[in-house]
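Student: Could you take me through this structure, one piece at a time?

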Amino acid sequence: MSTMAVARHSTSLAHRSLIKTLRTPEALIDVTIQPIIFLMLFTYLFGGAIANGDRHAYLQFLLPGMLAQSLAMGGMALGQNLNADIEKGVFDRFRSLPISRAAPLIGAVLADVVRYLSVCVAILGFGTIMGFRVQTGVLPALAAVGLSIAFGLCFCWISVWVGMLARTPGAVQGIMFLLILPLTFGSDVYVKTDTLPGVVQAFVSVNPITPLVAAIRGLLLGGPVAGPLVTTLLWMAGLLVVFVPLALRGYARRA
Amino acid sequence: MTDDLVVRAEGLRKRFGKTQALDGVDLSMRRGTVLGVLGPNGAGKTTAVRVLATLLTPDAGSAFVAGVDVLKNPSEVRRKIGLTGQYASVDEDLTGVQNLVLIGRLLDLSGRDARRRAGELLQWFDLTEAAQRRAKTYSGGMRRRLDLAASLVGHPEVIFLDEPTTGLDPAKREDMWGVVRTQVASGASVLLTTQYLEEADALADEIVVVNHGRVIAQDTPDGLKRTTGGQTLRVRPVDPDRLPDVLRLLDLVAAPGTSASLDEAAGARPGAASVPVSGDEALDKLIPALRADRVEVTELALHLPSLDEVFHALTGRVKKEQLV
């Protein structure tokens, strides 16, 4: 199977996923309204307590982290959808066609670009209304969006893998929550790391969400970018190297 | 290898946990024919189809489809087959035409060719009006038709239909049979699994009976009936008063240990007599005897048992063997 053929078939299948997504806009709630609600919740409800009453300053700190958290959560639906699709037999048809076995999964992941883009638009757009201001410039901000989407595309392979293993879509959601909650809350998304106990600080320092948030903060607000960016890119490569083969193997076994 | 055999499988075995789904299955199908794979639920029919359609790797055994080794070259096999699964595997969120165009694109047709082929198939399956509607809104029969259309996009040489009419009403079922016959007439070979004996009888050139992961019989529908169940010879005289003579003559050709009787079963039209016979030669003996006694008849027929009887005889026999 040539790379070109895999790319062509994956694109056709991504087109299929996009049609499905656009047909059911309510399936985009978790990448539009939900991140906005989270952003408002933490800014207005907890922001005062966390940041000594300075909600505006807290929003500047929080927003890049909310972006990272929403991206990680945005990948959950993919695993759930794939799990449901496989149960319905649609993938049997794909398996019986002369296409690469990876194409249906790659296609589904590619279509998720739309969801991650909508996370970025929702959070940056609504955040700006709430008073968030990019301190750097258009290009660094676009780079932050690009990095976010790219990270989402790598991170979601975990969800794809879980989607291949779990028995029901509900189970996919449960497992992914169990993974994403410690990753996103056990980082400096919400509070500065130095307020945390030592053990938690150690976890935060090895958590892939931490360098991602640092890189996005750097790109949006200024500050060091290169270091956290390299760490994030390495994490992304690592996620692909580990979870793409696992997901493909899970898919092949799920017959 | 004979080129005439478009499906050839030997010694297929597949185990799922504690269940031996396939326990050494041999199958062969001649080009341009319909092979019916018949068996109760859980007999291994679907597993066999999934192995032949490259969806499952068997634990042991070999299989060739359209001359290509299923295990060594599955992607080449996939170019030559069409599969319609047990559950209509159409994409509910896509319209009829989108479903078919997607398959065409995945088979490397250009956008224009994919759309043209989709249009042809939709028209042929009487779905043109519903083409722009989401498959979610289709009735069960329409989904089956769309599913079958999807498996035909690439003009497959071999078509696998796994219980294509399960859950369809009788009229829709006969429509489906028409489609299968048309495909065969245009040169395709069809392997279909079914639980309906009637369906196998109506469509299949040859029938394979599968039970507990094994092939327990393979023959033509008539051959199967002839070898497994006894045949019955029935005579209806013009004059009902001659029935005693008919009974006497029928006894002369009766199968060993049986005797003629009047057709008195509930629902049977009175005025005829029947006898179990062991072969066609009973007719050859009876006709001259009737003539010699000047018995005129309105009905003289040799009945094969229904495939139902054959099936129960075959699967029942296996059960008894296992008890011993």
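Predicted model: local features only at pLDDT ≥ 70, side-chain atom pairs only at ≥ 80, totals over all residues.

Student: Let us take one helix. Which residues of α9 in chain B are buried?

Tutor: Helix α9 of chain B covers residues 243-253, and its buried residues are B:Leu243, B:Val246, B:Leu249 and B:Leu250. They lie on the same side of α9(B), because they cover an arc of only 120° around the axis.

Student: Why would residues spaced like that point the same way?

Tutor: An α-helix has 3.6 residues a turn, so residues three or four places apart point the same way.

Student: What covers the buried residues of α9(B)?

Tutor: The cover includes β11 (231-237), β12 (261-262), β13 (273-277) and α10 (281-292), which belong to chain B.

Student: Which exposed residues are on the face turned away from the buried side?

Tutor: That face of α9(B) carries B:Pro244 and B:Leu252, which are exposed.

Student: Changing topic: how many residues does each chain give to the contact between chain A and chain B?

Tutor: Chain B gives 22 residues and chain A gives 18 residues. On the side of chain B that touches chain A, the elements giving two or more residues are α2 (74-80), β6 (81-84) and α3 (96-106) of chain B.

Student: Which of them gives the most?

Tutor: α3(B) gives the most to that side, with four residues. By class, the side of chain B that touches chain A has eleven nonpolar, five polar and six charged residues.

Student: How does α3(B) pack on α4(B)?

Tutor: α3(B) and α4(B), the latter being residues 111-124, pack at an angle of about 130°, with their axes 8 Å apart. That angle makes α3(B) oblique to α4(B). The crossing of α3(B) past α4(B) is right-handed.

Student: Which residues make the contact?

Tutor: From α3(B) they are B:Gly96, B:Val97, B:Leu100, B:Val101, B:Gly104 and B:Arg105, and from α4(B) they are B:Asp113, B:Ala114, B:Arg115, B:Arg117, B:Ala118, B:Leu121 and B:Leu122. The contact of α3(B) with α4(B) divides into seven nonpolar, two polar and four charged residues.

Student: Now chain A. At what angle do α4(A) and α8(A) cross?

Tutor: Helix α4 (residues 76-88) and helix α8 (residues 138-165) of chain A cross at roughly 25°, and their axes come within 7 Å. α4(A) and α8(A) are therefore roughly parallel to each other. α4(A) passes α8(A) in a right-handed crossing.

Student: What is that contact made of?

Tutor: α4(A) contributes A:Met76, A:Leu78, A:Gly79, A:Gln80, A:Leu82 and A:Asn83, while α8(A) contributes A:Cys156, A:Ser159, A:Val160, A:Val162 and A:Gly163. The contact of α4(A) with α8(A) has six nonpolar, five polar and no charged residues.

Notes:
Residues numbered from 1 in each chain as written. Chains lettered and ligands numbered in written order. Buried ≥ 20, exposed ≤ 12 C-beta atoms within 10 Å, placed from the backbone. Arc of directions from axis to C-beta. Contact = placed C-beta atoms within 7 Å. Nonpolar A, V, L, I, M, F, W, Y, C, P; charged D, E, K, R; others polar. Axes fitted to C-alpha atoms, helices over the stretch in contact; angles between N-to-C directions. Parallel < 35°, antiparallel > 145°, perpendicular 65-115°, else oblique. Left-handed = near helix turned anticlockwise from the far one by under 90°.
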